[in-house]
Number of protein chains: 4
Amino acid sequence: MAGNSFGHLFKITTFGESHGKAIGVIIDGCPPNIDIDEDFIQSELDKRKPGQSKITTQRKESDVAQILSGVFEGKSTGTPIAVLIPNEDQRSKDYSHIADKYRPSHADYTYQQKYGIRDYRGGGRSSARETAARVAAGAIAKLYLKSQGIEIFAHVSAVGTLEAPNLDTTNLSALLDIRESNIARCADPATANEMIALIDSIRKAGDTIGGKISTVVRGVPVGLGEPVFDKLHADLGKAMLSINAVHGFEYGSGFSGSEMQGSEHNDIFVKEEEQVRTRTNFSGGIQGGISNGMDIMFRTAFKPVATIMRDQETLNEAGDSTTISGKGRHDPCVVSRAVIIVEAMTALVLADHLLRFKAYKD
Amino acid sequence: MAGNSFGHLFKITTFGESHGKAIGVIIDGCPPNIDIDEDFIQSELDKRKPGQSKITTQRKESDVAQILSGVFEGKSTGTPIAVLIPNEDQRSKDYSHIADKYRPSHADYTYQQKYGIRDYRGGGRSSARETAARVAAGAIAKLYLKSQGIEIFAHVSAVGTLEAPNLDTTNLSALLDIRESNIARCADPATANEMIALIDSIRKAGDTIGGKISTVVRGVPVGLGEPVFDKLHADLGKAMLSINAVHGFEYGSGFSGSEMQGSEHNDIFVKEEEQVRTRTNFSGGIQGGISNGMDIMFRTAFKPVATIMRDQETLNEAGDSTTISGKGRHDPCVVSRAVIIVEAMTALVLADHLLRFKAYKD
Amino acid sequence: MAGNSFGHLFKITTFGESHGKAIGVIIDGCPPNIDIDEDFIQSELDKRKPGQSKITTQRKESDVAQILSGVFEGKSTGTPIAVLIPNEDQRSKDYSHIADKYRPSHADYTYQQKYGIRDYRGGGRSSARETAARVAAGAIAKLYLKSQGIEIFAHVSAVGTLEAPNLDTTNLSALLDIRESNIARCADPATANEMIALIDSIRKAGDTIGGKISTVVRGVPVGLGEPVFDKLHADLGKAMLSINAVHGFEYGSGFSGSEMQGSEHNDIFVKEEEQVRTRTNFSGGIQGGISNGMDIMFRTAFKPVATIMRDQETLNEAGDSTTISGKGRHDPCVVSRAVIIVEAMTALVLADHLLRFKAYKD
Amino acid sequence: MAGNSFGHLFKITTFGESHGKAIGVIIDGCPPNIDIDEDFIQSELDKRKPGQSKITTQRKESDVAQILSGVFEGKSTGTPIAVLIPNEDQRSKDYSHIADKYRPSHADYTYQQKYGIRDYRGGGRSSARETAARVAAGAIAKLYLKSQGIEIFAHVSAVGTLEAPNLDTTNLSALLDIRESNIARCADPATANEMIALIDSIRKAGDTIGGKISTVVRGVPVGLGEPVFDKLHADLGKAMLSINAVHGFEYGSGFSGSEMQGSEHNDIFVKEEEQVRTRTNFSGGIQGGISNGMDIMFRTAFKPVATIMRDQETLNEAGDSTTISGKGRHDPCVVSRAVIIVEAMTALVLADHLLRFKAYKD
């Protein structure tokens, strides 16, 4: 109820502050006998970790995951899998400059008002550091989904107003290779170069910029999702909106679909190679809240990072006006690291709905 | 888990198919001693009901709500409030023309595959008729919120590419009056007239069109929402995406915020009349997932209605190609009726989070 | 959270007061394509209804169930099944004699303090009438379990200090026939006669008496139940303790097992006809919280009904001493009607755990 | 859903196997600004730990708790509190003698069948070691409850057929001192001595014995518990039955209440010192599922420990008959250590229901 759990059958619970001893996650409900490839989990964490390129924060954390339980001789046992990620540098350097100030567009003010207390070091629980725990859990969900023939691909489709062209998504693993070949994590190489240049210039200006991530999920059986409140896209939407800095979510035709007419928007059913498919996919692979076997497609919008390297007006806890100055090493644009968080949350939603689906299949 | 419940402390469970005996809802967790104004509940249902104007479906249903339990001498008792809405015309006219055909962009195919059985009459459970139950429950949530000083206002801000200008939202109740003075339910009278004309022309062409709804919530105390997965905007997003035909959700700066830079996007804290406020509200009233006392603002995108009055190709259950012809009376554009559903779901999310908030306040 | 729902995958939500318009239940998560035999549901309700024999309350209610949704052409569709049981006599006769008095060992005082309001007519929501909704839902759960080869049998094993001998449970359906052949619902005919005489004498004395119900569940696959908090017997125990008047629950060896030594209590594994079985069944069919394939066996203790036909001291809402006099027609002993409630709650727990089990089976 | 979480608003999730790297717990929903006294948490763990006396297992584990998150400068912050208890001796000594054998009345067989894999070392997740995590969480719940004036007392009221006399419970803290003055943890000194002698003789015989624990909770406000499924005693019962080896639960008059008549069982309301009280307390402090302000009283029955120091027949995984020999150091009677687990689970139920109660209080 305090909201640190996500999912029902494949359920995770995360804990940990930015500058506490450790962060971590318990995965409860991972099916037994799944190969738990620790190298894969670590490689996923490495894609999220800070300091990985010149367009991310230069803060160095190695984010090494330790599995404490639920795995025996390399396989999941069906019992809770606890993953611990120690915080390497938990000394509370000097946070006195922000201890009693509310950073603009951060969670300092709301946390203080809600709880009457907060761990101000590095944003505490509101720090994006919490998402490392999600990535570890998402990696395990991906291993499960992979065993079921489901693959997930996300990439940076926009930075600011710079948008990548629509991709040919026939070969997702080829796109993944392209994405991982550039630090922007955009699967269109030409746009990737422009994005890198743009982010670099924003960084030099001490500013930050927003962006968008597009996701494709392939291999989902027909029937995942519940028809009323737990529609598959509603749960995907909640998952995305729970990621720090996300301000928007759309699936299939999305916002632009609201400008269309039914006669152009309807996806006509056809039979291709003995498979029921739709000629177009404005439905984004989900109809009536339930997967229809087509690719699931959605897009997530991230606001610019709130910490900028400039002086800003604000209030302190006493309610007096003051000035806050950006310090430290922060991301000029979060989307290239967030790609892996988007994939992780997508995997968690799908693993949960796949188990819910199986409960009713004989 | 089958997903017909929504909320935790203020929780609803809906039931009923379009052509069964009745639809309805149980509201579990409404605080006791709230005045349950049945006229208000009915007036909310009347705003959603079909046949209310020339730009909605001409199907006539009076949607009369009966309260079966949980109310004693006009007040809630703290026990479950069951609301029943009998289906007036439950005879299964002639649905033989669609009984074994998959209507494009409807849920026929996914339901059949998921369950191996479906009530094909009027879409069964996937019918938007289910939302009448949400409106009844939302009306009760509104009565609770009103007693706590919280007000909700939504209106149609776009039909197709026709967008209303930004409103001055100083006086929400005045806007509500304007909205209710026109059948488009747009609070800008000039745009409303254009919308009506546009929808009417779409209807005459046998087609349908999408649109957008904008929502403002005022009077929410600082502190609602949980910091990680159950962020207030994540729960609002899930609520919106659970409404039939919704393909997108954004709050605060939304998708356009992803094109901005941090220096322009950050909301500067200021003190006005002894209140902490922010100079801008790109955060949409929510920071770190928690309400900050500013107006909560979000926008919801609806795709065009799938049932059009034209012949369309499709498949039947046997997998053979066939043609389906639009029949009956359907909405050319759903947003003017959906405004009240959006408000209802908003009220449900806020009532739930308000109770969660109170659990931790002494 | 307000606690009117039970179960997770096979979930029910009940509503309704004793003297409101109706009581009822929504069953969410019943698998599709189950034959919903309405006659069976009604026959279960008839076993619980008041006025069925001289040893139950003489109040007459026919408790006719109406299915409002979720069933199409005699089969479940996978969508919520709503069952309505109208209250026949909802006129609030004369309850003025108890309207402001706290009946001893009833819920009047706690409801008034908790909610600040209560529907005093017939106990409102605390009335055992609520259990009719459970019986209707339990009947549907039984139909599902029957399709899976699981059968449930309960009977009255004690009234006051009068205990039935241990039964030979080889043939549960024969025992069921015996049980239904007498109004005490005890499967030992000789004891049944003694019970009837005892209850009748208690009734004539204007008093009430407690009793015990024993339950056997057969055909449960190995593997139902979760190892830590949601142990199968923990969920059965909660289910039983949620029934009005239940003050105790034990499974397998139960309380007497706490007086035994390990060397006599351990159930030795043996192989019989290619089946793993245990030589004794002190474990009651559950080991480590998980079904082991043996019969599940437990016992439930009911306190005497609180309403007696005698004057009793008590307080009124103002806190003054007063006298309350038993009126109306009440049960002298509740167990012969409660047998069917025990079976219903047992069925609900097993249906839920069976679905949870299936989610993880390929 | 996999059942490693307990509670709703004050919710815990435990993880860890007996011979893995660590066990632990996340407490989600602890109110902020509670003093988190780490010495108290450790002292509670010390009361549960093995090797504490001659009548417990001689296995030595120090069970040192580390708080990883959710506490800042000695106070809870409202964010998840993670507690880690490293396993000191995680080397898998020689478990080859039981690796493929099903120990009688243990969970080996059911785990293997349910999951198709199990960590056989020390019972893995089914080990009572898991309860150390509950004790750590329960200690934090106790700190919260103490701040609200609620105190919990449990003691060993029976070992085998040896029962302590009824206690005068006027002064719970004095009883606690007596309980802690003897290794049986019985608050009646004379009985304690007899219990110690009995357990010691059982231990020397290589056998084990069951027992009972009685609990009293004082200071609970009127109104905790929900009226239908989440009755306060139903949640307490589930909590108790989720503890390893518990086979029975009763509250108030319990099983013996089922042998009584209403005229003797009814608790008469009286006013004492301006407080509404009941003259007797057969209701065990709970009426209609809701606390009535009187002491909450219940009793829990534990079966004898399954591991005995004798040869027993059993089956191996192949289904062949074999013999298993008790080895290692095990508890001859679990109740003196289980007292603290009972208190912990009681605290967790009450903390959860207290928050649920507060959500509806203005």
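I count two residues as in contact if their C-beta atoms, placed from the backbone, lie within 7 Å. The model I am reading is a predicted one.

**Entry 1: Arg48(A)**

I started from the record. UniProt, in an unreviewed entry, lists Arg48(A) and Lys54(A) under "binding site".

I located Arg48(A) in helix α1 of chain A, which covers residues 38-48. I then looked up what Arg48(A) touches, leaving out residues up to four places away in sequence. The partners are Thr131(A), Ala132(A) and Val135(A), together with Arg337(A), Ile340(A) and Ile341(A).

Is Arg48(A) buried or exposed? I find 24 C-beta neighbours inside 10 Å, so Arg48(A) counts as buried; the cut-off for buried is 20 or more.

**Entry 2: Lys54(A)**

I looked up the other listed residue next. Lys54(A) sits in the loop of chain A between α1 and β4 (66-67). Lys54(A) has 12 C-beta neighbours inside 10 Å and therefore counts as exposed, the limit for that class being 12 or fewer.

**Entry 3: α1 and α9 in chain D**

I turned to chain D for a helix pair. The axes of α1(D) (residues 38-48) and α9(D) (residues 335-359) come within 7 Å and cross at roughly 145°. On the α1(D) side I noted Glu44(D), Lys47(D) and Arg48(D). On the α9(D) side I noted Arg337(D), Ile340(D) and Ile341(D). By class, the residues of this contact are 4 charged and 2 nonpolar, with no polar ones.

**Entry 4: chains A and B**

I checked how chain A relates to chain B. The same surface serves both copies, as 100% of the contact residues of chain A recur in chain B.

How many residues of chain A are in contact with chain B? I find 88 residues of chain A in contact with 88 residues of chain B. Helix α6 of chain A (residues 232-241) gives the most to the chain A side, with 6 residues. I sorted that side by class and got 38 polar, 32 nonpolar and 18 charged residues.

**Entry 5: strands across the interface**

I followed strand β11 (residues 246-251) of chain A to its partner in chain B. The partner is β11 (residues 246-251) of chain B; the two strands run antiparallel and are joined by 3 bridges. I also noted that Gly248(A) stands opposite Glu250(B) in β11(B).

Conventions. Residues numbered from 1 in each chain as written. Chains lettered and ligands numbered in written order. Predicted model: local features only at pLDDT ≥ 70, side-chain atom pairs only at ≥ 80, totals over all residues. Axes fitted to C-alpha atoms, helices over the stretch in contact; angles between N-to-C directions. Helix = DSSP H or I, 4+ residues; strand = E, 2+ residues; numbered from the N terminus. Nonpolar A, V, L, I, M, F, W, Y, C, P; charged D, E, K, R; others polar. UniProt positions renumbered as here; feature names shortened; annotations may be inferred. Pairing = 2+ DSSP bridges.
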